[in-house]
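Okay everyone, thanks for coming. Let me put the structure up, and then we'll walk through it together.

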Amino acid sequence: MGVEIERKFLVVDDSWREAVPAGIRYRQGYLGTDSGSTVRVRVSGERAWLTIKSAVVGLTRREYEYEIPTKDAHAILEELCSKPLIEKTRFVVEHHGHSWEIDVFEGDNAGLIVAEVELEAEDEAFALPAWAGEDVSGDARYYNQRLAEHPYSRWAE
């Protein structure tokens, strides 16, 4: 059984780009998003995954991930997932012993950049990078599933 404990922050500048190689492009969609848990299909290059996540309690949630055939994943994304799909490029930045994942969103969520750090415990100490701004860990609007339902480009409406 997997557990995910993460904190999310808005990214306030591009200084993180100095220390990263090329990013990894992701395309993902969601199935049955009305139960509190989420089922995600994600494709990156020639690999694909099905991920099941429980509702968040504090900063923690259960997470189960399984590799699936890429052909099936593409069909699920096109035929079964809610639209719009999430499109983003992920960059990994090492900072004081933690790996930070920085997601640069595209498509309907263009303009949004979010950094996540996974932790071993909710109260684990970590150094906050200078480019990390507001902590949005508890703000459901920044969950990828919610961004698929209510894209960043429509927040002003």
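So, which residues are buried in helix α1, residues 70-79? Keep in mind that this is a predicted model. The buried ones are T70, A73, I76 and L77. If you look down the axis of α1, those buried residues fall within an arc of 120°, so they line one face of the helix.

Next, the nonpolar cores. The largest one has 17 residues, and V11, W16, I102 and W131 have the most contacts inside it. Strands β1, β6, β7 (98-105) and β8 each give two or more residues to this core. There's also a second, separate core of ten residues, with L10, V114, V136 and A148 among them.

Leaving out residues up to four places away in sequence, I102 touches V11, W16 and W131, plus T89, R90, F91, V93, I113, V114 and A115.

The largest pocket comes out at about 460 Å³. It is lined by 25 residues, and E4, R40, R42, K53 and E63 are the closest to its centre. By class, that lining has 14 charged residues, six nonpolar and five polar. Where does the lining come from? Elements that each supply at least two residues include β1 (2-11), β3 (38-44), β5 (60-68) and helix α2 (144-149).

That's my tour, over to you.

Technical notes. Residues numbered from 1 in each chain as written. Predicted model: local features only at pLDDT ≥ 70, side-chain atom pairs only at ≥ 80, totals over all residues. Heavy atoms only, no water. 1 Å grid on protein atoms, 1.4 Å probe; cavity = no way out; pocket = protein on both sides within 12 Å on 5 of 7 lines; lining within 4 Å. Points joined across faces, edges and corners; volume = space filled by probe spheres on them. Helix = DSSP H or I, 4+ residues; strand = E, 2+ residues; numbered from the N terminus. Nonpolar A, V, L, I, M, F, W, Y, C, P; charged D, E, K, R; others polar. Core = buried A, V, L, I, M, F, W, Y, C linked by side-chain atoms within 4.5 Å. Buried < 20%, exposed > 50% of the residue type's maximum accessible area, 1.4 Å probe, protein only. Contact = heavy atoms within 4.5 Å. Arc of directions from axis to C-beta.
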